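Please read this briefing alongside the sequence and the model shown here. The points that follow are grouped by topic.

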Amino acid sequence: MQGLSSLRFNLRFALLALILVLLLLPPILNALPAGHPLRISDFVVAVTGKWICYAILALSIDLAWGYAGILSLGHGAFFALGGYAMGMHLMRMIGNRGVYGHPVLPDFMVFLGYKELPWYWLGFEYFPFAMLMALLVPGALAGLVGWLAFRSRITGVYLSIITQAMTYALMLAFFRNDMGFGGNNGFTDFKDLLGVPLNTPSARAGLYLAALGALLITLLISAHVVNSKFGRLLIAIRDAESRVRFLGYDVTAFKLFVFVLSAMMAGLAGALYVPIVGIINPGEFSPGNSIEAVVWVAFGGRGTLIGAILGAFSVNALKTWLTSFAPDLWLLVLGALFIIVTLLLPRGLIGLSWRRRT
Amino acid sequence: MKRLILTLLLVMGLVPMAFAQDDFNTIALRLGGGFGEQAEAVERLGLSGDPRALPMLQALSDGKLTRMPDGALRIGETDALTGAPADATGASALRINNRVRAALRTALGRLQIVSPDPAERLRAVDGILRSRSAQDLPLLDAALARESVARIRDRLLLAQGAARLASDDAALKQAGIESLGASGSEAARAVLLEARAGNAALAEAIDAAVARIDRQLAFRRAGELLFQGLSLGSVLLLAALGLAVTFGVMGVINMAHGEFVMLGAYTTFLVQEALRGTFLGPWSLLCAIPAAFLVAALCGAALERGLIRHLYGRPLETLLMTFGVGMMLQQAVRLLFGAQNREVSSPSWMQGTLLLPGDISVTQNRLWIIVFGVAVLLLVMAAIRYTRFGLEMRAVVQNRRIAATMGIRTGRVDALTFAFGSGIAGMAGVALSQIDNVSPNLGTGYIVDSFMVVVFGGVGSLAGTLIGALTLGVVNKLLEPYAGVVLAKVAVLVGIMLFIQRRPKGLFALKGRAADQ
């Protein structure tokens, strides 16, 4: 972002501060006594919390797509994997309070006749381990796919299709009962996290603030990455990959780093998302989810970080509002959004404000 | 022992022969005798497998068989032996006792094997097969000589083999093992294994026969698997051919391609409904092919001229935009037709299964889809190679500016090419309507696979698309028995990713100047 004038930078900063302050309001106003005119309902807190997780996901996509030009149509898979890691922890925390009352095995395993926990479930009773896995598993998958793809110079649409195939394959795999991840029902009926029952106001506020904190941290990390020399190189790779290669930079390593970082951010978003919405199932892997997230970024304005956040909030607000009275229309509107964004708003909402100023 | 063989030979070979006109008549006339004689005659007629005996025994059982004072038998006003009209005055009904009744039941059950109704014949054979007795051999031989329905013949051969195995004659047993081993059916295998315990001396021969059946079964399974693979491959080919034109030749990535396939399937449905009851009704599927091509091609042309044209050179944006178009098309169809599946029926000439040599059964509709896939491929190849439009299309792909200076209207060629590719997708929809649910999300299941085919085969190569589609189809089906449907798919995806490591340009990489673009 060399051509960024200080005015625009300040504007973005002000916008960001405004968003963050606004986002602090729901849990505070939720704490007001019931019946107070300014009180915000539990539902709004939960929905806004969900949007914050989406915003982290959008941020991660923007980092890879907006800066390094890696259009991943499989980021939903990293998000879902992070969610599953957290879901596994939450399932273990149910303990013997399940329907079958088994002290160790989750309900679906008892139902499917498991005798003991599969090996890959070991360790998930510890929260730090689960959080680590929520970052490492998506990171490792991104590392593998990215390494295979980038070293053979698979770029552009080819990479998009491969990542889409990846999330599609994972969706099929997670739909299977014998995978040990609950089949098409996934995980639900969570009881508590870190000893706090999930249905209490304090847990809701805590999860919300945790998500908000995570958004802030990921935003700071992303901003740090893109404003460094490394970030300039990413943009150079996006705009002229072979030229950067000829200048002697190891393009594969740069792209791999940013792809893995982005996948880990998506995994974190998923891990925060699951306790807020209280369910995770293989539907989260569906390719449609990933590409919808890409549209949030495109709509907000890619390559700006703040645009991704703005896009995630605005598109999801539109979705929540529209599906409440005309659910049939939503997919038509979303489809139209794809067309509008690519044909009329190539720089997104953020670009709109820029154009007016310059 | 020798006497035994002699008797058996008599029973086996001579009895049917011995049932010439005279013997049949002699035995039949005994039905008019005393209860003991009657019962014996019933039993012998039952074993004879002679279709003439059936009405007679049925009449006896129903109390409608009558006896003239001179001993001739009548059924109503006809002669029981010849079936010719005859005088029946003074005939008295034949009475039967419980022993005869029991013999009649058995005999009638056996004689169903010569009944004119195939279903009854099949039931009779199954009854005889269950009894596994050497006594039934002459009956089975006689029935086999007459049977023309392949399915019942197979069943008869099985029963014959089982009956032979149950006899006491070693040579006959050997023949039974031999014929069962040659049949190559699961049922014969079960019969052989069952007989193995009681025939220690023949264990070796039986094992050999079982091994032979196993080989045949394995061959058949492999053949059917190969067919399923080719069938899936042809479906992928149909879905991918349009992409090979729009993505492979033009370089436009169209995520709405699957929706064009879906539009083709819905057009098939509409054509079927429109032609229902008219003389074209049975041929609605054929009429749907050009209709689906036109509908999808028009939508394609509109998409290219209206939207895609503005995004040339920006593949990622094209991808997103066309995805949105696909989403809207899907939702629009869902709102128009409802989310439930629409019924597209198969014409009669596409139904049923076909037995290939080696007993490999193939379903007709899948066979036709393979034929259709090949036909469409040839059509596309011919269109690109031999028509004016194909020539202009190749010229524009090779060098747009020079093509334009030569007077080719490149914009028009772009639109036509995209319409052509979309139209092929529509034709694929006609084929898919026969084997898949016609629902709004019909296309989504094929889009990723189709892109894999095009990338695997080599972008811009129709031969690569063919080989890629067939390879993916066959490999997928070969892996399925071992890994399951899902893991097979995952394995194929991973395999393609690894393959692209070695050959980034696919199986059939473009050579020369075209490769630089």
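**Second largest pocket and chain B**

The lining of the second largest pocket draws at least two residues from each of helix H6 (156-174), helix H11 (287-300) and helix H13 (327-343) of chain A, and from each of helix H11 (203-249), helix H12 (257-275), helix H14 (315-337), helix H19 (444-457) and helix H20 (462-502) of chain B. Helices (H or I, at least four residues) and strands (E, at least two) are DSSP runs numbered from the N terminus. The model is predicted, so local features need pLDDT of at least 70 and side-chain atom pairs count only at pLDDT 80 or more, whereas totals for chains, interfaces and linings use all residues. Residues are numbered from 1 along each chain as its sequence is written, chains are lettered from A and ligands numbered from 1 in the order in which they are written, and side-chain values use heavy atoms, with hydrogens and water left out.

**The pocket**

- The second largest pocket has a volume of about 1,200 Å³, a pocket being, on a 1 Å grid over the protein atoms alone, an open set of points where a 1.4 Å probe fits, with protein on both sides within 12 Å along at least five of seven lines.
- Its lining (residues with an atom within 4 Å of a point) comprises 47 residues, and A:Tyr168, B:Asn441, B:Thr444, B:Gly445 and B:Tyr446 lie nearest the centre.
- By class, this lining has 20 nonpolar, 17 polar and 10 charged residues, with Gly counted as polar.

**Chain B overall**

- Chain B has 20 helices and six strands.
- The radius of gyration of chain B, taken over C-alpha atoms, is 34 Å, well over the 24 Å that the globule rule (2.2 Å times the number of residues to the power 0.38) gives for 517 residues, so chain B is more spread out than a compact globule.
- The C-alpha trace of chain B spans about 105 × 55 × 40 Å along its principal axes.

**Helix H16 of chain B**

- In helix H16 (residues 388-398) of chain B, the residues B:Gly390, B:Glu392, B:Met393 and B:Val396 are buried, that is, under 20% relative accessible area with a 1.4 Å probe and protein chains only.

**B:Gln38**

- B:Gln38 is found in helix H3 (residues 35-48) of chain B and is buried, with a relative accessible area of 1%.

Key:
Grid points are joined across faces, edges and corners, and a volume is the space filled by probe spheres set on the points. Buried means under 20% relative accessible area, exposed over 50%, partly exposed in between (1.4 Å probe, protein chains only).
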